[in-house]
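Colleague: I am new to this structure, and I would like to understand what stands behind the words used to describe it. Could you take me through them one by one?

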Amino acid sequence: MATTTEPENLEPTRGSKRPLYLGLLLAVLGGGGAFYAMYSGLLFGEETKSAKMEAPVEAAPMPDVAFVPIDPLVVSLGPNAINRHLRFRAQLEVVPAHEQDVIHLLPRIVDVLNNYLRALEASDIEQPAALMNLRAQMLRRVQIVVGPGRVNDLLVMEFVLK
C-alpha cells in the first residue's frame, strides 16, 4: 500500500516585524525633524531676527497723490441677470495739481461709468476675474475723459450685486 505523508508545516513562514516598526519610527522622526526645520526657519526660512534688527529699513516717501470720490452708482442689470442691481462706489487717484480739473469733470466721469456699467451683460460681471477687467476698462474711459496724466488709478471701494 501506498503511504501518504502529511506535510508537517502548512502555515507560511512569517518574517519579523522589526523592519516594519523600524521604518515607521524613522518616518515619524524624519517627518518631525522636517516640520521643526521648516517651522523654526532653519530650512528655507527668513533672515534671523537679529539680522533684521541690525539693518533698519528706511521707508520710501509716500507718493504725492489726491483722491477724488465718485458718488455711488446703482445700475439695474439686464433681465437675464441673477442679481437685479449693481451698487458701485469708487475713488480716483489723481495728481494733486490736477485735482480741481478732475472734480470739475466729475459729472462727465459719472456719466461715462454709468453708461459703461449699464451696457454690461450679466456674464461679464459674474465671472471670477470680472472686477479686474472692469476696473481696467473703467480707468481707461476715465483717462480719456479727463485727459492724459491726470488720473493714475481707479480704486473700487464697493462692488455689490443685489
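This is a predicted model: local features need pLDDT of at least 70, side-chain atom pairs count only at pLDDT 80 or more; totals for chains, interfaces and linings use all residues.

Modeller: A place to begin is the surface, where Leu 22, Leu 25, Leu 26 and Leu 29 form a nonpolar patch with about 410 Å² of accessible area together.

Colleague: Why is Leu 26 called exposed?

Modeller: The relative accessible area of Leu 26 is 54%, and exposed means over 50%, so Leu 26 is called exposed. This leucine is found in helix H1, which covers residues 18-40.

Colleague: What makes up the largest nonpolar core, and which residues have the most contacts inside it?

Modeller: The largest nonpolar core has 30 residues, and Leu 92, Ile 109 and Leu 117 are those with the most contacts inside it. At least two residues of this core are supplied by each of strand S1 (66-76), strand S2 (85-94), helix H4 (106-118), helix H5 (122-126), helix H6 (130-146) and strand S3 (151-161), while the largest share, seven residues, comes from H6. Leaving aside residues up to four places away in sequence, Leu 117 touches Leu 73, Val 75, Leu 86, Phe 88 and Met 138.

Colleague: How do you know that the side chain of Asp 153 makes a polar contact with the side chain of Arg 135?

Modeller: The value for this pair is 2.7 Å, and a polar contact requires N or O atoms within 3.5 Å, one able to donate a hydrogen and the other to accept it, so the pair is counted as a polar contact. Asp 153 has its place in strand S3 and, not counting residues up to four places away in sequence, touches Gln 91, Leu 92, Glu 93, Arg 135 and Leu 139.

Note on methods
Residues are numbered from 1 along each chain as its sequence is written. Side-chain values use heavy atoms; hydrogens and water are left out. Patches are made of residues with over 30% relative accessible area and no salt bridge: like charges are joined within 9 Å, nonpolar side chains (Val, Leu, Ile, Met, Phe, Trp, Tyr) within 5 Å. Accessible areas come from the Shrake-Rupley method with a 1.4 Å probe; for residues, only the protein chains shown count as cover. A salt bridge is a side-chain nitrogen of Lys or Arg within 4 Å of a carboxyl oxygen of Asp or Glu. Helices (H or I, at least four residues) and strands (E, at least two) are DSSP runs, numbered from the N terminus. Buried means under 20% relative accessible area, exposed over 50%, partly exposed in between (1.4 Å probe, protein chains only). A nonpolar core is a set of buried Ala, Val, Leu, Ile, Met, Phe, Trp, Tyr and Cys residues joined through side-chain atoms within 4.5 Å. Contact means heavy atoms within 4.5 Å.
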